Amino acid sequence: IVIIAIANHFLTGKLLIAMPTMGDPRFFRSLIYVCVHNADGALGLIINKKMNSLSFSEILEQLEITNVASTQNKTHDVYFGGPVETARGFILHSAEYNSADTLVVDNEIAMTASLEIIKELAAGTGPSNSLVALGYAGWGAGQLDNEIQENAWLSADPDLDLIFNESVEIKWDKALEKV
């Protein structure tokens, strides 16, 4: 009965914490925010792996975005969101920002994958909290459920501070403390 309950429990809006025994090096000590999880599969963004090889200003340069705020309150780090579509940008952000391209996950968090939100972040007019990621983590139908049953992942409730403000070096540990 417990296995059935786990298999039917969707994790949209939750954190996935890679178990210390995770064999896939792309996910070792990863913390993933799950944007979508349903019978068709799951999509999430790794929120604790910064990319040192690419900066937000380099992304703006590549996209030829020149309307950059002269005094930005917040610098935008670029994260490795996952191994799928690594050239595509995804912005995980606070839900007060909403556009036609926004996937609202819950009343606090949303995700947008559009050029418009990148322009707004550059101009300093985007969402109050945001995380810029390239690529995403994806699972086919039933795949994430199987990995959870095989003890590859733990799940935990998220909080905005952990997602957007905590240092990447301690996010995974802080998430484990929540379990």
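Isoleucine 109 sits in strand β7, and strands here are DSSP E runs of at least two residues, while helices are H or I runs of at least four, all numbered from the N terminus. Before I go on, a word on the ground rules: this is a predicted model, where local features need pLDDT of at least 70, side-chain atom pairs count only at pLDDT 80 or more, and totals for chains, interfaces and linings use all residues. Residues are numbered from 1 along each chain as its sequence is written, and side-chain values use heavy atoms, with hydrogens and water left out.

Back to isoleucine 109: is this residue buried or exposed? Isoleucine 109 counts as buried because its relative accessibility is 2%; buried means under 20% relative accessible area, exposed means over 50%, and partly exposed is in between, with a 1.4 Å probe and protein chains only. Beyond neighbours within four places in sequence, isoleucine 109 is in contact (heavy atoms within 4.5 Å) with Tyr33, Leu92, His93, Ala95, Val104, Leu160 and Ile163. Cysteine 35 is 74 residues away along the chain, and its C-alpha is 8.9 Å from that of isoleucine 109.

Which residues touch the most other members of the largest nonpolar core? They are Leu16, Tyr33, Leu92 and Trp153, in a core of 39 residues. A nonpolar core, for us, is a set of buried Ala, Val, Leu, Ile, Met, Phe, Trp, Tyr and Cys residues joined through side-chain atoms within 4.5 Å. Not counting residues up to four places away in sequence, leucine 92 touches a list including Tyr33, Cys35, Ile47, Ile109, Met111, Leu131 and Phe164. There is also a second, separate core of 14 residues, with Phe56, Leu60, Ile91 and Leu134 among them. In soluble globular proteins, nonpolar side chains tend to be buried together.

Phenylalanine 90 is in strand β5, residues 84-94, and it counts as buried because its relative accessibility is 3%. Setting aside residues up to four places away, phenylalanine 90 touches, among others, Leu45, Met111, Ala113, Leu131, Val132 and Tyr136.

What covers them? Just after α3, glycine 124 takes a positive phi of about 80°.

Now for some polar details. Threonine 102 is in strand β6, residues 102-104, and counts as buried because its relative accessibility is 14%. Its side chain makes a polar contact with the side chain of threonine 112, at 2.7 Å. By polar contact I mean a pair of N or O atoms within 3.5 Å, where within protein one must be able to donate a hydrogen and the other to accept it, and residues adjacent in sequence count only if both atoms are side-chain atoms. A polar atom of the threonine 102 side chain also lies 2.9 Å from the backbone nitrogen of serine 99. Threonine 102 and alanine 113 are 11 residues apart in sequence, and 7.3 Å apart from C-alpha to C-alpha.

The lysine 171 side chain does reach the backbone oxygen of isoleucine 47, at 2.8 Å.

Two loop residues next. Most residues other than glycine have a negative phi, and most peptide bonds are trans. Glutamate 64 has a positive phi near 55°, and lies in the loop between α2 and β4 (78-80). Asparagine 151 also has a positive phi, about 65°, in the loop between α4 (143-149) and β9 (153-156).

Last, confidence. The protein averages a pLDDT of 89, with 91% of the residues scoring at least 70; pLDDT is the predictor's confidence in each residue, from 0 to 100. Over residues 1-8 pLDDT stays under 50, and the model has 6 contacts beyond four places in sequence for them. Where pLDDT is low, the predicted coordinates should not be read in detail.
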